[in-house]
2 protein chains.
Amino acid sequence: MNGADRLCDALLVNGVDVCFANPGTSEMHFVAALDRKPQMRCVLGLFEGVVTGAADGYARMAEKPAATLLHLGPGLANGLANIHNAKRARTPMINVVGDHASYHLQHDAPLTSDIEGLARPMSHWVGRATGPDDVAQTCAAAYAAAMSTPGISTMILPADAAWSEAKDTPLSPTAIPVPEAISADALKAAVAALRSGRKAALLLAGGALREGALVTAGRIAAATGASLFSQVSGRGERGAGRVYARPVPYPIDMAITALADLEVVVCIGGRAPVGFFAYPGKPGVLLPPGCEVVELARQGQDLAAALDALADALNAPREKPATSGWTARDLPRPTGALNPDNISLTVARALPEGAIICDEALTSGGRYAVLAPTMAPHDHLPITGGSIGIGIPLATGAAVGAPGRKVVTLQADGSGMYTVQGLWTQAREKLDVVTIVFSNRAYAILQGEMRNVGVNAFGRNASRMLNLNEPDLDWVSLAKGMGVEAARATTIEEFMDLFDTALKQSGPFLIEAVI
Amino acid sequence: MNGADRLCDALLVNGVDVCFANPGTSEMHFVAALDRKPQMRCVLGLFEGVVTGAADGYARMAEKPAATLLHLGPGLANGLANIHNAKRARTPMINVVGDHASYHLQHDAPLTSDIEGLARPMSHWVGRATGPDDVAQTCAAAYAAAMSTPGISTMILPADAAWSEAKDTPLSPTAIPVPEAISADALKAAVAALRSGRKAALLLAGGALREGALVTAGRIAAATGASLFSQVSGRGERGAGRVYARPVPYPIDMAITALADLEVVVCIGGRAPVGFFAYPGKPGVLLPPGCEVVELARQGQDLAAALDALADALNAPREKPATSGWTARDLPRPTGALNPDNISLTVARALPEGAIICDEALTSGGRYAVLAPTMAPHDHLPITGGSIGIGIPLATGAAVGAPGRKVVTLQADGSGMYTVQGLWTQAREKLDVVTIVFSNRAYAILQGEMRNVGVNAFGRNASRMLNLNEPDLDWVSLAKGMGVEAARATTIEEFMDLFDTALKQSGPFLIEAVI
């Protein structure tokens with residue numbers, strides 16, 4: 001038994017039995033150890049951004065971390081953008097990053113780099129095994145941090161710690177620290193705020209967007225008149241029969257307008273909302289001046305329990321709050337142009353119950369947000385950290401983490417290209433994912449932002465940096481190149497037919513919607 | 001005039017007139033400024049690894065830095081792996097990384113991250129503009145560092161430094177520090193070493209692998225009996241009529257054997273060679289025990305001048321050393337299997353003079369290294385830092401940096417997938433690049449490394465992490481999806497025909513060689 005075997009055992013004893021991987025030479029002993037553990041499912045990504053994005057999607061659905069296997073500093077670097085998204089989603093994740101044998105670092109071989117330095121900005125916890133006999137302990141610490149933060153643990157595994165003989169001492173599951181209870185003062189302040197008669201809102205994030213917590217939030221809203229807003233989070237349970245919390249809009253002017261009349265907000269799982277970017281002359285904080293902010297509970301605390309305590313303190317009636325019926329199915333078939341609105345209407349009408357929507361639609365989301373509460377009950381997994389290239393990997397991981405549920409990816413074309421390699425993993429693992437590519441052949445979001453900065457006519461340089469044409473991307477060929485069945489829709493009728501076909505099939509399917 | 005305009009001016013005044021870019025919202029004012037500067041050529045990459053790899057290839061050929069334009073921490077992170085390669089190649093590069101407006105950082109908006117922390121491990125110089133009026137000065141410092149190190153400068157541009165009004169003071173070209181002269185002691189030691197009668201070698205790297213410096217090295221070798229070795233470097237001039245320096249082999253046992261009888265080495269541009277990885281029971285330093293190492297000149301010093309000084313001190317005869325004739329053209333047409341040896345023979349026979357070979361063939365290089373000195377004179381641009389995914393971007397940038405020269409990419413399939421998006425940039429810019437994909441459908445290098453660690457039979461997990469089959473990648477479709485003409489060869493005859501066709505055409509062409 002060597003250190004690499006110990007690492008496998010330390011992961012498995014905690015139930016971490018999926019490893020998204022893109023290994024290299026310094027991780028060969030870990031690969032050999034994984035090969036001796038058939039109970040570990042190893043899923044190859046052809047680029048590390050796929051690996052880490054998939055680990056994010058997996059954990060959002062499976063509610064436990066996956067391991068990732070990354071090759072030294074550059075391999076970690078390639079995965080960092082989606083680790084950033086996972087960090088913002090507070091997804092538990094255990095990154096295992098190989099390194100040179102400890103005695104080899106002095107030679108500054110070509111692949112040597114400061115792995116801790118690269119890991120720290122995107123990790124909650126960073127550690128390094130110092131030898132074969134502390135691999136299991138380092139892994140346990142990584143696991144505990146990933147689960148309790150919750151968030152990103154990055155564990156560095158030197159090759160000699162992996163390949164050297166290790167003592168085979170018994171391992172037991174790692175205890176996870178109990179989350180801190182909400183403070184009595186914060187609860188008192190929240191009760192006072194909601195009873196003050198001022199215009200109030202609950203701002204929900206993280207676990208507060210799961211079905212049970214939303215019911216409690218809905219009871220509080222019914223009892224107090226507070227409105228419900230949601231902030232971008234790793235996973236939200238949406239759809240007919242579920243309490244709806246209105247998303248704080250992304251465009252800054254719309255966000256400011258949406259929140260304009262609030263006098264007090266109670267934050268559960270998030271903080272006072274801020275602008276995604278700064279814009280000259282516009283505020284950074286989205287709440288109106290003077291609006292009071294009460295932080296009842298933060299990520300890492302038990303948000304459902306916080307809402308229960310608040311509902312109890314308010315004596316909120318026990319009745320389940322009223323929600324919309326399931327009506328999207330009854331909406332008329334879309335007609336006219338193939339555009340984001342009609343695509344989201346098609347998705348809304350046909351989405352099967354229990355589906356998972358991975359949402360990197362960006363400017364092409366159309367009416368999805370409006371239709372969501374009328375759709376079949378589903379999970380919504382959005383891009384959380386603004387680091388594009390998450391959609392395809394996220395769907396890949398979600399499908400691994402929630403077998404038997406249909407995954408639908410709403411994928412902008414520009415960001416889809418970042419991690420397009422993930423389609424191959426969908427094909428290899430035969431994952432049940434329908435990818436809808438919104439092929440507008442532009443970084444449309446940036447064209448909008450250019451107009452925001454006062455530039456309406458684009459010259460050659462701007463045009464060539466903001467358009468994806470010349471040549472047009474051919475997503476059907478790209479998908480075919482990676483073994484994924486695909487077809488192109490240029491009319492809404494074609495799109496509806498293809499979406500029906502894709503839903504009926506099992507396995508990956510890509511629809512290029514030319515909009 | 002704003003800070004972004006100043007940045008454009010500060011780049012252009014130093015002759016930096018190509019910007020490889022993948023912008024985001026926080027860089028919109030810089031994009032608008034670039035749009036006002038048609039003399040700046042902006043080249044879009046659909047992923048940041050393409051952007052930074054292309055900037056590397058460009059500078060290796062153009063001998064001046066390109067700028068890159070990257071979007072905050074995650075955009076930089078996506079580019080880091082190829083920045084790592086460029087750092088190891090000592091390629092001058094100026095990364096411009098946008099950041100939030102300085103006053104917005106306090107809000108920890110979703111895309112906020114520690115950009116300096118991410119930049120430092122892969123940069124020689126990191127700086128941040130603090131306002132519109134120090135943008136030009138920060139850029140000048142970045143340029144001076146990139147040129148004199150030579151290496152990687154990463155400059156962070158907060159959005160408010162870009163958009164705020166700036167003083168339009170005159171800018172002049174930045175002075176570059178004169179490199180330190182070689183020390184008299186080192187020269188004396190090198191002379192003594194080469195006259196000692198011991199088995200000696202010159203270890204050449206960096207600029208010492210350019211044609212003129214190689215001639216001097218050849219004169220020294222002729223005068224002293226020293227052998228010539230080359231270490232992996234950004235650019236080597238190879239081919240018939242040029243002095244040949246034998247590459248230090250990559251496989252550790254071959255490297256140790258190749259260097260086994262040396263008693264003294266003189267390093268020019270590099271350091272004593274070390275193992276790419278550590279292996280149990282094998283040495284980290286490749287030179288035999290007791291071999292003396294003299295460091296005559298290091299990167300950043302004038303290596304050609306160092307060789308001149310050494311030749312003069314040794315009174316090396318002036319005659320140009322004998323070199324091989326150009327014979328590869330006369331070699332017989334390959335017959336038999338489509339395999340790496342036959343492919344490299346085909347390339348050797350047909351390569352046009354002045355071509356640029358971008359080499360990420362890894363295990364599929366075949367006899368290229370052996371044939372190189374018999375091929376038409378060409379530049380060889382290899383992967384330098386071991387961070388795979390450089391080939392396609394490197395070729396993209398080399399073609400921009402050396403218009404009129406044919407670029408041939410020797411591309412392993414596994415690493416090619418990392419930055420496959422670069423094909424689209426080749427199509428858009430109509431770059432004259434022939435990409436040969438060695439489609440062995442495996443991480444063959446890792447299969448070898450697994451055998452090195454004693455694992456010969458792979459179970460399911462190892463097999464699925466080391467093979468790229470199920471499904472096979474279809475490179476012809478992938479290329480088509482990005483607008484690049486492509487065809488598949490399954491026999492050596494088909495390959496020869498396709499390579500001839502590709503050489504005759506202008507513009508990008510991809511050959512999938514199924515080996």
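**How the chains meet**

A: In this predicted model, about 8,200 Å² of area is buried between chain B and chain A, with carbon and sulfur atoms giving 63% of that area.

Q: Which three residues supply more than any other three of the area that chain B buries against chain A?
A: Those are Y418(B), R428(B) and M465(B), which supply 9% of the area chain B buries against chain A.

Q: And how many residues does the contact take from each chain?
A: Chain B gives 102 residues to the contact, and chain A gives 102 residues as well.

Q: What rotation superposes chain B on chain A?
A: A rotation of 180 degrees, with 0.0 Å of shift along its axis, brings chain B onto chain A with an RMSD of 0.0 Å, and that is the relation of a two-fold axis. Of the interface residues of chain B, 100% are also interface residues in chain A, so the copies meet through the same surface.

Q: How many salt bridges are there between the two?
A: The count between chain B and chain A is eight, and one of the salt bridges joins the side chains of R271(B) and D108(A), at 3.8 Å from N to O.

Q: Switching topic, how do α12(B) and α20(B) pack?
A: Helix α12 (residues 340–350) of chain B packs against helix α20 (residues 492–504) of chain B at an angle of about 35 degrees, with the axes 10 Å apart, and their crossing is right-handed.

Q: What residues make that contact?
A: Among them are I343(B) and V347(B) of α12(B), and F495(B), F499(B) and L503(B) of α20(B); by class, the contact has eight nonpolar, two polar and one charged residues.

Technical notes
Residues numbered from 1 in each chain as written. Chains lettered and ligands numbered in written order. Predicted model: local features only at pLDDT ≥ 70, side-chain atom pairs only at ≥ 80, totals over all residues. Heavy atoms only, no water. Least-squares fit on C-alpha atoms with pLDDT ≥ 70 in both. Contact = heavy atoms within 4.5 Å. Axes fitted to C-alpha atoms, helices over the stretch in contact; angles between N-to-C directions. Helix = DSSP H or I, 4+ residues; strand = E, 2+ residues; numbered from the N terminus. Left-handed = near helix turned anticlockwise from the far one by under 90°. Nonpolar A, V, L, I, M, F, W, Y, C, P; charged D, E, K, R; others polar. Buried area = accessible area lost by both parts, 1.4 Å probe. Salt bridge = Lys/Arg side-chain N within 4 Å of Asp/Glu carboxyl O.
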